[in-house]
Every structure is written in C-alpha cells, then in structure tokens.
Amino acid sequence: FLYYRHARLGHALVRDFSYYDWVHINPQGFRGRRPVAFEKDSGVFRIMAVGGSTTFDSYVSTDSAAWPARLEHWLKELAPDRRVEVINAGVPGYNVMQDLIRLETELHEYKPDLIIFYQGHNDLFGNLRRALADRRGPEGQRPGQVEPIAPWIRWLEQHSMLYTKLAERAKLLRFHRIRARDPEPAAAPEPQRQVE
C-alpha cells in the first residue's frame, strides 16, 4: 500500500499516506508528516537526503527515528540560532539512476542548499545478483536471461514493507554465503597412512 507503479521510476511512494501509523508520507512524497513548500522560508538552510532504503531508514519504527529526522534534531540542538530543515527524500528500492532522474525532474525544484546522496546498496546487490547469475551456467547458454518472477512476488515488492525488509535481509545472507563459499583455494590435504 505504500507504493504505486510509476511510469518513469518503476515505483514511487503514495503521497499523503500513513502506513499503519508507522511510516508517514507527506503530500510532496517525502517521509514524515510535515509538508514541504517549494519556496523555503528566508534564513532556512535546507538539506535534502536522497537515496534508497538506507536513506528512507526502513528499519526504524517511527518517522522521527529515521536518520534524516535525527540529523535535523541534532543540528538544531548544536546550532539553535540557525534554522535548518532536513528533507527525507529516500525511497526504498531506488538505485542511483532512479535517484538522478528524480533529482533532475522534481527534487531540484525544492532548491536544497545541501544534498546528502546516500546510496549504493541496491546497485551493489543488483550487480552481485547479475554476477551470481552469470556464474550459474556455461557462457552463451542463455545470455541476458531474466529470472521469472511470480505475480504475487511483484505485488509484495510493491505493497509490503515487511516483505521488502525480509527480502533485503535474505539478499544480505545470500551475499555472505557466497563470500564464505569462495575463499582462497586451500592446499590439498596430504593422504593419511593407514596403520597396520
């Protein structure tokens, strides 16, 4: 329920939406309840955090616990005389290309003074997944093959944050297993003599 199918980006966050009162998406499509105007108030230093689930901070249970909200809180504590606004523009599942498209098409209109671009996991796991698929069979059998995805998996990816979280954890576990499986080749054990 948190996502809708987007023509250019694949998926996007439903605006002005509450996901079981755990995650709130404001009318502009950013995490949090506070609306964000295109024109910032004078004297406000606007920071925009852009990225995937690491920016959206999928693993926290409230909007105020997400790291961009905590950053705003601590900046206000450290410099109470400066007006600071931090916008959480993260979208779970986005990669660098989707973030760049979004920066060029809509995010630039908010005229941030500083952009924190915190991304990489989705690109890394996508490349690792492709590399693993390339290792599965002899070269040339099925180049460019896309693994089939059941319709219910596609639906869960688009509508369930719990499924997305579990899928991310499973990818991480698979990655660790692949690393553990590919250690340096060990020396062959010496044959043992049988005692008569």
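**Entry 1: Val-23**

I looked up Val-23 and found that this residue counts as buried because its relative accessibility is 1%; buried means under 20% relative accessible area, exposed over 50%, and partly exposed in between, with a 1.4 Å probe and protein chains only. The model is a predicted one, in which local features need pLDDT of at least 70 and side-chain atom pairs count only at pLDDT 80 or more, while totals for chains, interfaces and linings use all residues. Residues are numbered from 1 along each chain as its sequence is written, and side-chain values use heavy atoms, with hydrogens and water left out.

I placed Val-23 in strand E4. Helices (H or I, at least four residues) and strands (E, at least two) are DSSP runs, numbered from the N terminus. Leaving aside neighbours within four places in sequence, I listed the contacts of Val-23, among them Leu-2, Phe-17, Arg-31, Asp-63 and Met-161; contact means heavy atoms within 4.5 Å. Val-23 and Asp-63 stand 40 residues apart in sequence, yet their C-alpha atoms are 6.0 Å apart in space.

I next turned to Arg-31, in the loop between strand E4 (23-25) and strand E5 (44-51). Is Arg-31 buried or exposed? Arg-31 counts as buried, because its relative accessibility is 8%. Asp-63 is buried as well, with a relative accessible area of 14%.

I noted a salt bridge between the side chains of Asp-63 and Arg-31, at 2.8 Å from N to O; the term stands for a side-chain nitrogen of Lys or Arg within 4 Å of a carboxyl oxygen of Asp or Glu. This pair links distant parts of the chain, 32 residues apart: Asp-63 is in the loop between helix H1 (53-56) and helix H2 (67-78), and Arg-31 is in the loop between E4 and E5.

The side chain of Arg-31 also reaches the backbone oxygen of Thr-62, at 3.4 Å.

I recorded one between the side chains of Glu-106 and Arg-15, at 3.2 Å from N to O. Glu-106 lies in the loop between H3 and E7, and Arg-15 in the loop between strand E2 (10-13) and strand E3 (17-19), so this pair ties together parts that are 91 residues apart in sequence. Arg-15 counts as partly exposed, because its relative accessibility is 39%.

I then found the side chains of Glu-85 and Arg-46 meeting in a salt bridge of 2.6 Å, N to O. Here too the pair links distant parts of the chain, with Glu-85 in strand E6 (residues 83-88) and Arg-46 in strand E5, 39 residues apart. Glu-85 counts as buried at 12% relative accessibility, and Arg-46 counts as buried at 1%. I also noted that salt bridges with shared partners join Arg-15, Arg-102 and Glu-106 into one network.

**Entry 2: helix H3**

I asked which residues of H3 are buried. They are Gln-98, Asp-99, Arg-102 and Leu-103. These residues lie on the same side of H3, because they cover an arc of only 135° around the axis; the arc is that of the directions from the helix axis to the C-beta atoms. E5 and strand E7 (114-118) are included in what covers the buried residues of H3. On the face turned away from the buried side of H3, I found the exposed residues Met-97 and Glu-104.

Leu-100 has its place in helix H3 (residues 96-105) and counts as partly exposed, at 38% relative accessibility.

**Entry 3: the whole protein**

The protein has six helices and seven strands, which follow the pattern β-β-β-β-β-α-α-β-α-β-α-α-α along the sequence. Of its 196 residues, 34% count as buried. Among the contacts with a separation of 6 or more, residues 24 or more positions apart account for 64%. The accessible surface comes to about 13,300 Å², of which 57% belongs to carbon and sulfur atoms; such areas come from the Shrake-Rupley method with a 1.4 Å probe, and for residues only the protein chains shown count as cover.

Note on methods. A polar contact is a pair of N or O atoms within 3.5 Å; within protein, one must be able to donate a hydrogen and the other to accept it, and residues adjacent in sequence count only if both atoms are side-chain atoms.
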